[in-house]
Every structure is written in structure tokens, then in C-alpha cells.
Number of protein chains: 2
Amino acid sequence: MNERLRLIVAYDGTRFAGWQSQKHGNTIQDLLETAFGQIARESIRVHGAGRTDSGVHALAQCAHTNVSSDRFRAEEWTIAVNSQLPPQIRVLRCQYVSEKFHARFSAKGKLYRYRVATAPILWPHDVDRAWHVPQLLDHARIREAASLIQGTHDFASFTANRGRRLETTVRTIRSVKIRRGTGQILEFDFEGDGFLYKMVRFLAAALVRCGRGRISVENVAQLLASPVPGSAQYVAPACGLFLVRVRY
Amino acid sequence: MNERLRLIVAYDGTRFAGWQSQKHGNTIQDLLETAFGQIARESIRVHGAGRTDSGVHALAQCAHTNVSSDRFRAEEWTIAVNSQLPPQIRVLRCQYVSEKFHARFSAKGKLYRYRVATAPILWPHDVDRAWHVPQLLDHARIREAASLIQGTHDFASFTANRGRRLETTVRTIRSVKIRRGTGQILEFDFEGDGFLYKMVRFLAAALVRCGRGRISVENVAQLLASPVPGSAQYVAPACGLFLVRVRY
């Protein structure tokens, strides 16, 4: 019998070409589909909660697929699939769920984290895992700008136009939390109902530019008040971004 | 004027063939010598406090070299050399010191950390940065074995014979600290006056085998009491080992 399997997947995105399937095959989705396909001995599609770009990491991406449930218990799928994946991609948990569950359409929200390393010298173990901004950042200004971002806004200024028209660029960000980690690491946690293409990286760049004094808190307010696609201009690098979890 | 420069160097050892210079050149020492040589426009030798094996990391390795001091201030050397190094190797600090200072011969001791990941599934971001032992370890037994290791012993059982005779295989371990990190990470901190070849990795393997019940605390005591080269047999993988600092 075919049943729906829900997956929680973690990955270090450094060496992969993002989530979404591509011809060359070096994406998280492709590698998961190949792993499932090798075990199930049939072509299998895996649907993610959302795409992550090349270089973006995930602590708990969510996805679903349909498998033959008389073959394995859910925990056995976890072990079997991991045995076919590179160690930089790990299925943390598999769970049989109702067919009504859809990783993307059932998602109610997501939590993204953006890591900024502010020490003069980037720690070798943070290479590809943080944006190196070796400057003194004004945390008070960053917090002020972050509080502006919270709430429901038209975030068109903070997205890249990929040539497709969206019905709406209005999104709700429930909270933006700024935390100091160890070793002069600054973390921005964005929790929201949904995010536009590259929106978190646009917002992270705006917060950092605010903290460096390149733009004012008022500039951020203007970008929110006058939504012009891409007008925020600056995008923080992919390597600092982590999909922390998907809310259902 | 030629002056002695002391360096503190951090590296992610994953992609390098260890510290010591080799013909193919992909070692930390070679890359540092090339970087210094490119700036100084002459052949430069860099001497480390100790060799680390391929895959072993360093948070603060120490080294020295001789450079022409009228060329740069110490801080300028840090910036110049880092500009010539891959991001996985960072000079954290340069300092002009007395010619009497020798990174290896002046060293009074070292602190090594060994990381063990005990969760069933290895976190993608811990790949190459911890030894994955997906088992419940008996922490009390590990602590008991660790306390035996402390002190002055003939550690011949915990070293690999590299075909050279050492004057003595007696070393003093001042402390072995066992710490639980986040995410089911177990850390062993070994502080001592000096370490034999692969000694920390032999000791880490013995502690883990003790925690798994493969050997008893008494077995560890026997290996210390009857020093037979290499009799501990098991070596923990290089990727879990970090040189934390060198004491002078």
C-alpha cells in the first residue's frame, strides 16, 4: 500500500546546488530522490516545504514522499535512506502521516536563522557557515530596525524578481530575535508565515547595513512603506542562512 | 633586521595533509611558508609547536618564523599572511618575540580536545569535526578511566611506533576533563607537558571503549602499568581532535 512519509532533513548546504531538483543532480532534492529510489527500486518524488538556495543550510527542513508502507517501518526508512546519502545530508526522522499532509501546502510558517560573524578574523570553522562582517555593529540600531520588520508588511522591496508575478508580496513576520552567540557571532531569528524569494537574506543585509551605519532605521521603514521590488538592493550571502524549522 | 615572529594559527584540518611540510605541499606548514614567502619575497621556514596529523584541527597552534621587522608591524603580518591563505587557515595573531623563543622547544605543555558525537544520527555540521559513536556511553566509567590517565606514566601503550626510538615514553598529563557539550557531544580535554605520536587519539579511543563496555577500567590501568608500544590498539579518528592551545 502506498503511504505518505513525512521527513525531517538536516543538511550542510555548502557543496550542494540548493534544494530544488536540477539537471546536473547535485541538489538535496535530487539526492533524496535518488536515495529513496535506490531503496524502493522505483522513481520517487520528494516534495520539500520550500526551496533553499545553493549554500543555504537546514537544521530541520521538512519534506514528504509516497512510499510502499509494507516495506519498512518509518524508523527503518530513516536508516535505509541515510545509508544512501552523503553525510552532509541526514534524514533525522521519518513518520507515516495522513495523505492530506503536504510538506509545502500544509506549512503554517518557518523559522530562519541568519548568522553574522563580527570578529576581525573569521574562525576557520565558521567558513561557509556565517557572513563575515568584521566590524563593530550597533546592536541598538539593529534591534530597532528588527522591531520595524515585525508584523504584516508588503515585503516587495526585500525580494528578487525572478520573472514571475506573485499574487501578493504581503507577508507576516511574527518575530525577529537578535541574539549574541559565542565568539562574536550575531544571530537573527526570523519567524514568519511565509517568505518571499531571498527575503531573509535581503532583510539580514538591511539589518547589518543598519548596524554599520550605512543606512538608517528610517531607510528600513521607507523600504517597508514603499514596496518597490528589489529596492533594498543588498543580499546577504547564502552561507549565513539556516532553515531552522517548519511549523505545521 | 631579521626578527623572530611568533604566530597563533587556527585551522580546519579537513582538507589538508596535516601540519608538517610534504612534497605535494598541501600542509599547513607549506601553506604558511608559501604565504610568508610571497610577502617577504624570499624562502621562509615556519616552525610549529608540534605536528598535527591530516584531518586534525587547531584552535590555537603556535609557530615561529624569522622575518625582516622593518617591513611590517606584527599586526600587518597577520593581515598580509591571511590574504595569501585559504580561509580554512587563519593566523589569529603575530607578535615579535625574543630570538630565544622557539615554538617547539620553548613549549611547556599543550591542551588537546577530543570531540565524540553520541547521537544516533551525526549532525551534518559535525561531519569531519567529531567522531561519531552512536551509542549510550557510561560516563561514570569514562570519568574513572580518565582519572587513572592523569599523572606521570609511561604511555608507550598509547602510541604508534613510527620506527624511531624515543629517549622516553614517560609523559605527564596534568588533567583530563570530561564535558558534555550541546547536542549529545562529549568532549575530552587532555592537558599535559607533552604528547607522544597519536597518544591523544589512543587515549580517546580507550575512554570511548571503556564507556561502551568493550574494555574495563582495569584494562586501562593495565595498559598504563605494562607499557608495550601500541598495545592499546585502537586509535580514534583524526577528525575529532583539536589542538586547543600551547602553553609556554
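1. Contact here means heavy atoms within 4.5 Å. Leaving aside neighbours within four places in sequence, B:D126 is in contact with B:R115 and B:I185. B:D126 is found in the loop between β5 and β6 of chain B; helices (H or I, at least four residues) and strands (E, at least two) are DSSP runs, numbered from the N terminus. At 13% relative accessibility, B:D126 counts as buried, where buried means under 20% relative accessible area, exposed over 50%, and partly exposed in between (1.4 Å probe, protein chains only).

2. On conventions: this is a predicted model, in which local features need pLDDT of at least 70 and side-chain atom pairs count only at pLDDT 80 or more, while totals for chains, interfaces and linings use all residues. Residues are numbered from 1 along each chain as its sequence is written, chains are lettered from A and ligands numbered from 1 in the order in which they are written, and side-chain values use heavy atoms, with hydrogens and water left out.

3. The two chains are copies.

4. What does B:H125 touch, leaving aside its neighbours within four places in sequence? Its contacts are A:Y11, A:D12, A:H57, A:R129 and A:F242. B:H125 lies in the loop between β5 (109-117) and β6 (131-132) of chain B. With a relative accessible area of 10%, B:H125 is buried. Its C-alpha atom is separated by 35 Å from that of B:A221, 96 residues apart along the chain.

5. Helix α1 (residues 28-40) and helix α2 (residues 74-82) of chain B have axes that come within 9 Å and cross at roughly 110°. Axes are lines fitted to C-alpha atoms, for helices over the stretch in contact, and angles run from 0 to 180 degrees between N-to-C directions. That makes α1(B) roughly perpendicular to α2(B) (under 35 degrees counts as roughly parallel, over 145 as roughly antiparallel, 65 to 115 as roughly perpendicular and the rest as oblique). From α1(B), B:L32, B:A35, B:F36, B:I39 and B:A40 meet B:W77, B:A80 and B:V81 of α2(B). These residues divide into 8 nonpolar, no polar and no charged; Ala, Val, Leu, Ile, Met, Phe, Trp, Tyr, Cys and Pro count as nonpolar, Asp, Glu, Lys and Arg as charged, and the others, Gly among them, as polar.

6. The axes of helix α3 (residues 139-149) and helix α4 (residues 199-211) of chain B come within 8 Å and cross at roughly 145°. On the α3(B) side the contact is made by B:R141, B:I142, B:A145, B:A146 and B:I149, and on the α4(B) side by B:L203, B:L207, B:C210 and B:G211. By class, this contact has 7 nonpolar, 1 polar and 1 charged residues.

7. B:K198, in the loop between β9 (185-192) and α4 of chain B, has a phi near 65°, a positive value in a residue other than glycine. B:K198 is partly exposed, at a relative accessible area of 26%. B:Q233 is not a glycine either, yet has a positive phi of about 70°. B:Q233 sits in the loop between α5 (217-225) and β10 (241-247) of chain B and counts as exposed at 62% relative accessibility.
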